Amino acid sequence: MQLPAVVPPLQEPQQTHPHDTLDRAARGALAKLSGGVSPHAFIEAWSDWAQHLARSPGRQLELAEHAQQNLLKVMALAASPGGAPPFVPKPYDKRFAHPGWQTFPFQLWQQGFLAVQDWWDQATEPMRGLRPEDADRTRFLARQTLDVLSPSNQPLLNPEIIAETVKTGGRNLTEGAAHFLEDAVKTLTSRHDPPPEGYRIGTDLACTPGQVVFRNDLMELIQYAPQTPQVQARPVLIVPAWIMKYYILDLSPANSMVRYLVAQGFTVFMISWINPTAQHRELSLEDYRKEGVLAALDAVTTIVPDTTVHAVGYCLGGTILAIAAATLARDRDDRLASVTLMAAQVDFAEAGELLLFVDESQVSFLEDLMWEQGYLDRPQMARAFAAIRAEDLIWTRAVQRYFLGREDVPTDIGVWLADTTRMPARMHSQYLRALFLENRLTAGRFAVEGRVIALEDLSVPLFVVGTETDHIAPWRSVYKTQLFTHCDLTFVLTRGGHNTGILSEPGHKDRHYRISHRPAGALYVGPDGWLAQTEPLPGSWWPAWADWLRREGGEAVSPPAMGAPQRGLLPLAAAPGSYVLQT
């Protein structure tokens, strides 16, 4: 279908059939039971894969041979126990880390499982005529099914569970049963537990001193107190993602990006988004741009006048910042000094495994779910993220908690991960359709206030950060920012995942990063070529970023006042404010 060049703001689909409300209510109820996953999308993927395999005798023969080879490898291991295993778990799969898995017969069960997993990986490789997304979905479903059947989940087949049961006389199983009951009650009642002792918001986490200097119905703006006698003249405005709380960037004092920037002599402002409820169902993507990014920029330039602003966006916050920056460039608003995008995508053609959950059927299914409740709830989002790495995020934890009887060990990032937020229905629908489903921003079809914006209009310097093992914003997708811009751009690829790669404070063990500079107007170099020619550097990327911010202008000056009382921006409350505490 040919889409118009200028796409008007998305509106709720009009009811065209007399019983459409009944249909949507029924689909919304089904979506609650399925966790927001459309059954049709995955049934269609299985059908597409099976039909193409059925008319591919060569592929069938290949898979039969592959199954035979895997069987012979396992049989050879069974005949000579203790030899080198032919199959190894994936790097992120921790289920078989216990040394007991290297002893007979547990090694045989482990290798049998990994052999089947290897066969399914081969079976779901792309075939001629098979849609790539259906191949990926089939692999995902096969992997989910195998994860349920893994010997690591079976108490009688898992050497670690057996050893712990013998050691404790079965106490691990009774304690695990109590944990299971506790989690079941929590899930059924949607209970949200407060942070554990030592991880209190505003005391232990999100504890960098500051003041809320602006508040509207969508966000609070925090200004952090200076820690140096002089500061850089140009302030830093951080736009975090609204899918989670902002304090991933102000976690513990040891790994707080905010605290680091303030200690480096920057005046830092942070947006803290509201946690939406059903009454916010009509909040739109445009509201997040205007009442979020632009309102914060207005406040920052009021408090620190006569200078430009370094804008920083993380994850979804980076995407909306890119939209806002392109709109400012189009409208010849020159208040930005630079833009930093951290693990943020502007092109969604290669958006990683989250695309498994995005097609017309899936988006419509989610829209019906949100139509009924007014928002996408926390557990529905958390399940989707956890399913992408189910081996580690679901099953390893389940074994530890329910069969080994071990309590979850609290960590700062674990507390933050559990402190999820909701997504307003209209905004989330627009985000999924305009960006994920139709990829309008880089296709020249994303309109703001009735006119298309273009990333190539950006003229301010860009600092773009990708992380090596990011499965939410894959680094090659983040790298494509270079394909759609022509301005001066510095690109960093850092070790770690979507969160851990960004939290890369100086002194963090085993960190490295790659960095390169592309002058304005330079020719494009693809990601694989860039990777081959860019050597890794040891340590954290934060100091390189801080140096880059300093080089982008602005002398040292006395710290600005907290807020601007004479201009109506009174300090309202101590950081972290009230919105971050909403559950």
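Reply:

**Aromatic pairs**

The structure holds 29 aromatic pairs, a pair being two rings of Phe, Tyr or Trp (its six-membered ring) whose centres lie within 6.5 Å; planes under 30 degrees apart count as stacked, over 60 as edge-to-face and the rest as tilted. The model is predicted, so local features need pLDDT of at least 70 and side-chain atom pairs count only at pLDDT 80 or more, while totals for chains, interfaces and linings use all residues. Residues are numbered from 1 along each chain as its sequence is written, and side-chain values use heavy atoms, with hydrogens and water left out.

The pair of Trp49 and Trp120 is tilted, because the ring centres are 5.6 Å apart and the planes stand at 40°. Trp49 belongs to helix 2 (residues 39-54) and Trp120 to helix 4 (residues 106-123), so this pair ties together parts 71 residues apart in sequence. Helices here are DSSP runs (H or I, at least four residues), numbered from the N terminus. Trp49 has 8% relative accessibility and therefore counts as buried, a word that means under 20% relative accessible area with a 1.4 Å probe, protein chains only (exposed is over 50%, partly exposed in between).

Trp475 and Trp530 form another tilted pair, with 6.0 Å from centre to centre and 50° between the planes. Trp475 lies in helix 17 (residues 475-479) and Trp530 in helix 18 (residues 527-533), so the pair links distant parts of the chain, 55 residues apart. Both Trp475 and Trp530 are buried.

One aromatic cluster is formed by Phe96, Trp101, Phe106, Trp109 and Phe113.

Conventions
Helices (H or I, at least four residues) and strands (E, at least two) are DSSP runs, numbered from the N terminus.
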